[in-house]
Amino acid sequence: MAIKLEKVVKTFYDKLEEGKIMGRKCPECGAVEFPPVYACNTCGSYETEWVEISGNAVMHSIVLPAALSTKPDYADLKPYAYGEVELEEGSRLNAVVRGINKKKRKELLDKLPVPVKAAIYQRDGYKTVVFDLVED
Ligand SMILES: [Zn+2]
């Protein structure tokens, strides 16, 4: 199982290098897992397959990083917040959403859920997935 998990992670990062954000779709029930895992969390099937996700999503909640516990790791993404993001494909995850400071959070709280879009972000030596606000 450990080797299988490493492979799913490697494929995910390889695809990011190609500009594609991949999830795993369950042919049994149609659920999409993102971040990708082999097993379907909805029906328990182990036969999920790769699918490129649209990146379209909505954000349900906004949590600003606490001033004293900000991971220095994410300093390059400022301003940002954490949010519960729901992909159009159905998966929910906690993600980093760029462009949100204290003032912006206040504006957005009345409008939740708000549209966001996945983006591939180059970190030091690897790419990762973050989300951006979709402004009107
Ligand atoms: Zn399923």
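How many bridges pair strand β4 with strand β5, and in which sense? Strand β4 (residues 56-63) and strand β5 (residues 80-87) are joined by six bridges in the antiparallel sense. Strands count as paired if DSSP finds at least two bridges between them. Helices (H or I, at least four residues) and strands (E, at least two) are DSSP runs, numbered from the N terminus.

The model is predicted: local features need pLDDT of at least 70, side-chain atom pairs count only at pLDDT 80 or more, and totals for chains, interfaces and linings use all residues. Residues are numbered from 1 along each chain as its sequence is written, and side-chain values use heavy atoms, with hydrogens and water left out.

The domain assignment divides the protein into domain 1 (1-53) and domain 2 (54-136). Such bounds come from an automatic or database domain assignment. The centres of the two domains, taken over C-alpha atoms, are 22 Å apart.

Tyr 80 has Arg 98 of β6 as its bridge partner. Gly 83 faces Ala 95, also in β6. β5 and β6 form a hairpin, with four residues between them. In its turn, Gly 90 has a positive phi of about 115°. β6 pairs in turn with strand β8 (residues 127-133), here in the parallel sense over two bridges. Val 97 has Phe 131 of β8 as its bridge partner.

Another sheet involves β1, β2 and β3. This open sheet of three strands runs in the order β2-β1-β3, with antiparallel pairing. β2 and β3 are at the edges and each has a single partner strand, so one side of each lacks a neighbour in the sheet. Strand β1 (residues 22-25) meets β2 over two bridges in the antiparallel sense. Arg 24 has Glu 33 of β2 as its bridge partner.

Two cis peptide bonds are described here. One joins Phe 34 and Pro 35, with omega about -5°. Pro 35 lies in the loop between β2 and β3 (49-52). Another runs from Leu 112 to Pro 113, with omega near -5°. Pro 113 belongs to the loop between α2 (102-109) and β7 (114-122).

The domain interface was examined next. The size of an interface is often given as the accessible area lost when the parts come together. Domain 1 and domain 2 bury about 1100 Å² between them, 68% of it on carbon and sulfur atoms. Buried area is the accessible area (1.4 Å probe) that two parts lose on being put together, summed over both. Leu 16, Phe 34 and Ile 53 supply 49% of the area that domain 1 buries against domain 2, more than any other three residues. Phe 34 is also a partner in the cis peptide bond with Pro 35. In terms of contact (heavy atoms within 4.5 Å), 13 residues of domain 1 touch 14 residues of domain 2.

Glu 17 forms a salt bridge with Lys 127, with the closest N and O atoms 3.1 Å apart. On the side of domain 1 that touches domain 2, α1 (2-17) and β2 (32-33) are the elements that give two or more residues. α1 gives the most, with four residues.

Note on methods
A salt bridge is a side-chain nitrogen of Lys or Arg within 4 Å of a carboxyl oxygen of Asp or Glu.
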